Amino acid sequence: MNMEQAKRAAAERIHDRPATAGRLGGKLAVVTGAAQGFGFGIAKEMLREGASVVIADINTEQAEKAAAELGSRASALTVDVGDPVSVEALVAAAVDELGGIDIFVSNAGVLTAGPLELMTAKDFEFVTRINYTGYFLCVKYASMIMKAQFEADSTKWSDIVQVNSKSGLEGSRANFAYSGSKFGGIGLTQSFALELAAYQIKVNSICPGNYYDGPLWSDPANGLFAQYLKTGKVPHAKTAADVREHYLSKSPIKRGCLPEDVAKALFYCVEQRYETGQAVPVTGGQVMLP
């Protein structure tokens, strides 16, 4: 199925939704980067609230395992969010699988930390490609389907939700590639919201605090605890455990952010008809907006 076929199929099947119960009952969703970490946890919570979900990830084998674990309303598709051909193919395949797209969660992201003198242009461009350009590509193609659905039924509302970061709300020392991509993502969210509101497509970002138990932080070789220890981001830290304790101390609520915390913010974004273009903090008080 190509994109034009997908647009027609989504329009034709606009009222073909599963009769599931929950806050997302009957919704058809795609979550990128959902084979593990935040993405997997978010997809799990969405399924629990009635959505049917495509687990989209560059790691095909892991995505298939994740979908099998989540049950019959989950399916797996492969995507490289930094590649326009791959993203277009994902969106078309998701329509073929689900019958449409009501919620698109742009969650896939990467992080390479390091000070200016050690950051290479290649690493900087890699982070930008996935976190910033990838978000643009997901919105570009997902919105085509959502526009077709709106044109078929002008009462139809759709949602695009970017999983951003607290690093999109304040700068991050020796982590500028990631933080810059996330600041840029909020600018995209606001601009996309203005452009897509006419089609009843809401676009919002969620800015989580740190998910310390996920692989992004806890992977012993490449996780952020290990990276920050190596780059000296946390002065006087001698072990990865020291780095963890340093970050836990930053929040007045002494724990990390969990996928269910982010999912609750996502449910709000979907349910609230009078909110778009926002960056919703879920940081345990680590970042407080004025």
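# Legends for a predicted model

**View 1. Burial across the chain.** Of the 290 residues in the chain, 55% are buried; buried means under 20% relative accessible area, with a 1.4 Å probe and protein chains only. This is a predicted model, where local features need pLDDT of at least 70, side-chain atom pairs count only at pLDDT 80 or more, and totals for chains, interfaces and linings use all residues. Residues are numbered from 1 along each chain as its sequence is written, and side-chain values use heavy atoms, leaving out hydrogens and water.

**View 2. Helices and strands.** The chain holds 10 helices and seven strands. These are DSSP runs, numbered from the N terminus: helices are H or I with at least four residues, strands are E with at least two.

**View 3. The largest nonpolar core.** This core has 40 residues. A nonpolar core is a set of buried Ala, Val, Leu, Ile, Met, Phe, Trp, Tyr and Cys residues joined through side-chain atoms within 4.5 Å. Val 30, Ile 101, Phe 104, Ile 145, Ile 160 and Val 203 have the most contacts inside it. Elements giving two or more residues include helix 1 (3–12), strand 1 (28–32) and helix 5 (121–152). Helix 5 gives the largest share, 10 residues.

**View 4. Around Ile 145.** Which residues does Ile 145 touch, not counting those up to four places away in sequence? They are Met 3, Ala 6, Lys 7, Ala 10, Val 91, Val 95 and Ile 101. Contact means heavy atoms within 4.5 Å.

**View 5. A second core.** A separate core has 35 residues. Among them are Ala 63, Ala 74, Val 163 and Val 280.

How values were computed. Buried means under 20% relative accessible area, exposed over 50%, partly exposed in between (1.4 Å probe, protein chains only).
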